Amino acid sequence: MDNITRQAGAIPLKLSDDRVWRTYSGGQALEAWRGQADPQDSEFPEQWVASAVQAVNAGREHLPVEGLSKVLLPGRDAGEPVTLKQLIESDPAAFLGARHAAKHEASPALLVKVLDSCERLTIQVHPDPEFAMSAFGSRFGKTEAWYILGGRTIGGEPPYVLLGFKPDVTRERWRQLFEEQDIPAMLDALHKVEVKEGEVFLITGGLPHAIGSGCLLIEIQEPTDLTLRTERTTPRGVKLQDKACHQGIGFERMLDCFHYEPTDLEGALRRSKVEPEVLAEQPGGQEIALIQPKHTERFRMNRLRVTGTYAYEKRDAFAVAIIAAGSGRLAYGEASLDVKQGDTLFLPAGLERMSWIREGASPDAELVVVLCHPPE
């Protein structure tokens, strides 16, 4: 490990805009949020943040690897980005923390994305840890959580998500709808929920769901790309390979991944919608818990609302930071890093003490930072 790489274990690292191809389209609101000129929808609607996970896209195996986040290290030539995965593998304890490295070696137990949908995603499910191990040999499933950054009305419809089976949906009924590819009936079998900026949803493994059109959100999840889909054609008419639906385990096994726990809308929201709670306050802002260990042991997510200077500390652990709104500086030691809305950062374990500082012309403006943490 050279000196530049060694120093990187104790400073905030800005990440590049690593976009990933998906079976749905979007990205215009993501690009606008990042301040890009002439934002457009495309087949690359997701930005993977602090990712050491390779994207799984059936039919694109011959193309260059997608999904691995890149870092431009201070002191290196601009044309020589390295992947975050390479950095971590050079010294897992320095970048991830000694405790995390002892348990997970060079694999961050976390994956973060920012995504924007201009069409509904296919109805899908992710495995819980037990199913992931038995079907895929993976010690991680794909429980995830969504923090709604914003949204847009598309085709006269406000942003929404689909969550959980309605009452009376059984495995037999779901299998019938899948075999008939009765998409309207599949959609009607799930609860439809309009979403608003600042809302938080927890999607546990086994829960049927889909992100609707017009959603701009941060997604924190376990570090896999295990997605099982029950629609063999996407809403915009793209035919999916069988493997893109069942990930190689077959359709019958795919249906076993779902948790058949139907409930009414109130029960679905009680299970999946999370109410934020204030964790700490300082004269310069407050820290709000979005996802806590009482919700899931798989990850944590907090939000900082910075109105002045907010001192922040973490011990022997990494974190991922997304600047959700505003601008300012991240001060550490004798140095600082300018940050603005849309920036994404990896905060290595060696960086323990820092201060977030709001800057801007308007006294009412806030610097809003979403912090994603691995399991405790």
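Author: What follows is a walk through the salt bridges, then the cysteines, then the pockets. Keep in mind that the model is predicted.

Start with the count. The structure holds 37 salt bridges.

Take Asp116 and Arg152. Their side chains meet in a salt bridge, with N and O 2.7 Å apart. Asp116 sits in strand β6, residues 111-116. Arg152 sits in the loop between β8 (144-151) and β9 (160-165). The two residues are 36 residues apart, and the pair links distant parts of the chain.

Now move to Glu157 and Lys192. These side chains also meet in a salt bridge, at 2.2 Å from N to O. Glu157 lies in the loop between β8 and β9. Lys192 belongs to strand β10, which covers residues 190-194. Again the pair links distant parts of the chain, here 35 residues apart. The setting is partly exposed on both sides. Glu157 is partly exposed because its relative accessibility is 27%. Lys192 reaches 46%, and therefore counts as partly exposed.

Glu352 lies in the loop between β23 (344-347) and β24 (353-359). Arg315 lies in the loop between β19 and β20 (319-325). Glu352 has a relative accessible area of 24% and is partly exposed. Arg315, at 47%, also counts as partly exposed.

Salt bridges can also join up. Which residues form a network of them? Arg171, Arg175, Glu179, Glu252, Arg253 and Asp256 are linked in this way.

Next, the cysteines. A disulfide is a covalent bond between the sulfur atoms of two cysteines. How many disulfides does a search of the whole structure find? The search finds 0. Cys118 is in no disulfide, because its nearest cysteine sulfur, that of Cys215, is 12 Å away and the cut-off is 2.5 Å. Cys245 is in no disulfide either, and the nearest cysteine sulfur, that of Cys257, is 13 Å away. Cys118 is buried, with a relative accessible area of 19%. Cys245 is buried as well, at 0%.

About 660 Å³ of space lies in the largest pocket. The largest pocket is lined by 28 residues. Closest to its centre are His100, Glu297, Pro374, Pro375 and Glu376. Three elements, α5 (98-104), β18 (300-306) and β19 (309-313), each supply at least two residues of this lining. The largest share comes from α5, with 4 residues. By class, the lining of the largest pocket has 10 nonpolar, 5 polar and 13 charged residues.

The second largest pocket has a volume of about 340 Å³. Its lining has 21 residues. Val56, Asn57, Ala58, Arg60 and Glu61 lie nearest its centre. This lining divides into 10 nonpolar, 5 polar and 6 charged residues.

How values were computed
Residues are numbered from 1 along each chain as its sequence is written. This is a predicted model: local features need pLDDT of at least 70, side-chain atom pairs count only at pLDDT 80 or more; totals for chains, interfaces and linings use all residues. Side-chain values use heavy atoms; hydrogens and water are left out. On a 1 Å grid over the protein atoms alone, a cavity is a set of points where a 1.4 Å probe fits but cannot get out, and a pocket is an open set with protein on both sides within 12 Å along at least five of seven lines; lining residues have an atom within 4 Å of a point. Grid points are joined across faces, edges and corners, and a volume is the space filled by probe spheres set on the points. Ala, Val, Leu, Ile, Met, Phe, Trp, Tyr, Cys and Pro count as nonpolar, Asp, Glu, Lys and Arg as charged, and the others, Gly among them, as polar. Buried means under 20% relative accessible area, exposed over 50%, partly exposed in between (1.4 Å probe, protein chains only). A salt bridge is a side-chain nitrogen of Lys or Arg within 4 Å of a carboxyl oxygen of Asp or Glu.
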